[in-house]
Amino acid sequence: CTVIVTRLATRDLHKPISILFCNLAVSDLFTSFSGFWISMLFITDPDITVFGSWDMLAPYALFTTSILSTIYNLVSIGIERYLAVARSMRTRFRVARSHSIAVVFVSWVLAFFLGCLPLLGWNCLQAGRSVSVLYSPFCVDYLVFITLPNVVLAFLVPLFTYLRIILILRKRKLRMQACGQATGTYKSAETQVARTSISIWLLALVSYAPFFAGVIFDAANRRCHADLYPGVYIFRNCTAMLITITCLGNPLLYTLKLRELGAKLKALRCLSPGRLRACTI
């Protein structure tokens, strides 16, 4: 919410990358809200989160939609950063504000379509043969269909884009060194991109890899719910907690550098006429 407020209240939203940052915060907000919804259902009636019911379809669909939107946003940010860095070397294409808005719209449409497929009939409330043990009443084939391509997308595309950015910055640094010019800026940018990309990878690995492993276990498992209770469901709850923690890590990695955040919040407080003179002094 802090990311959304600061982005909307300042002129940073005019930049294409800021639109993607703000949309990423919206996706994380939806993930947190749907996770809270599922947690309340688990507190009030734990059995429906184990054996599945109609009441679980809507929160699970919203949770899936928000996770897919987050993945598409992370991929879009990586691609936008690559195009911004490579623009002056190989391509004249420039990412405009309209492009970012179109990407946001398409990502949400795709996320809602794929996430709401169980609400449209692809669920196992009536046919229990391929029902998911961890995420009832979802079907195992639906989880595999959703998880495999999107996990590959979330890992491979950022890997390619950020590695390409590092290589481009290194080539520029070597070219400037050959011309006898200072390369401190490019060296600092290369180090910052490398640290950010490693952080993104570690966060994605810690948060999504257990969920991916749970889906693989779900697809290979042939035992019923009672045989796996409670250990497997504790693991499922831990994976949901990791995904929710990702919603806190994304703003820290992409938008909320503490000094910049403090400066923006201070600027927002200074917008009121009564405080304008005091803040100026």
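1. Contact here means heavy atoms within 4.5 Å. By that criterion, phenylalanine 138 touches Leu57, Tyr60, Ala61, Thr64, Pro118, Cys124, Val131, Ser132 and Leu143, leaving aside neighbours within four places in sequence. The model is a predicted one.

2. Overall architecture. The chain has eleven helices and zero strands. Of its 281 residues, 45% count as buried. Among contacts with a separation of 6 or more, 75% join residues 24 or more positions apart. The chain exposes about 15700 Å², and carbon and sulfur atoms supply 68% of that area.

3. Main core. The largest nonpolar core holds 32 residues. Tyr135, Phe138 and Tyr142 touch the most other members. At least two residues of this core come from each of helix 2 (16–44), helix 4 (54–86), helix 5, helix 6 (140–178), helix 7 (184–220) and helix 9 (231–254). Helix 4 gives the most, with eight residues.

4. Helix 5. This helix covers residues 97–115, 19 residues in total. From first C-alpha to last it reaches 27 Å, close to the 27 Å expected at 1.5 Å a residue. Its buried residues are Ser100, Val104, Ser107, Trp108, Ala111, Leu114 and Gly115. Seen down the axis of helix 5, they fall within an arc of 140 degrees, so they line one face of the helix.

5. The other side of helix 5. Phe105 and Val106 are exposed, on the face turned away from the buried side.

Technical notes:
Residues are numbered from 1 along each chain as its sequence is written. This is a predicted model: local features need pLDDT of at least 70, side-chain atom pairs count only at pLDDT 80 or more; totals for chains, interfaces and linings use all residues. Side-chain values use heavy atoms; hydrogens and water are left out. Helices (H or I, at least four residues) and strands (E, at least two) are DSSP runs, numbered from the N terminus. The expected span of a helix is 1.5 Å times one less than its number of residues. Buried means under 20% relative accessible area, exposed over 50%, partly exposed in between (1.4 Å probe, protein chains only). The arc is that of the directions from the helix axis to the C-beta atoms. Accessible areas come from the Shrake-Rupley method with a 1.4 Å probe; for residues, only the protein chains shown count as cover. A nonpolar core is a set of buried Ala, Val, Leu, Ile, Met, Phe, Trp, Tyr and Cys residues joined through side-chain atoms within 4.5 Å.
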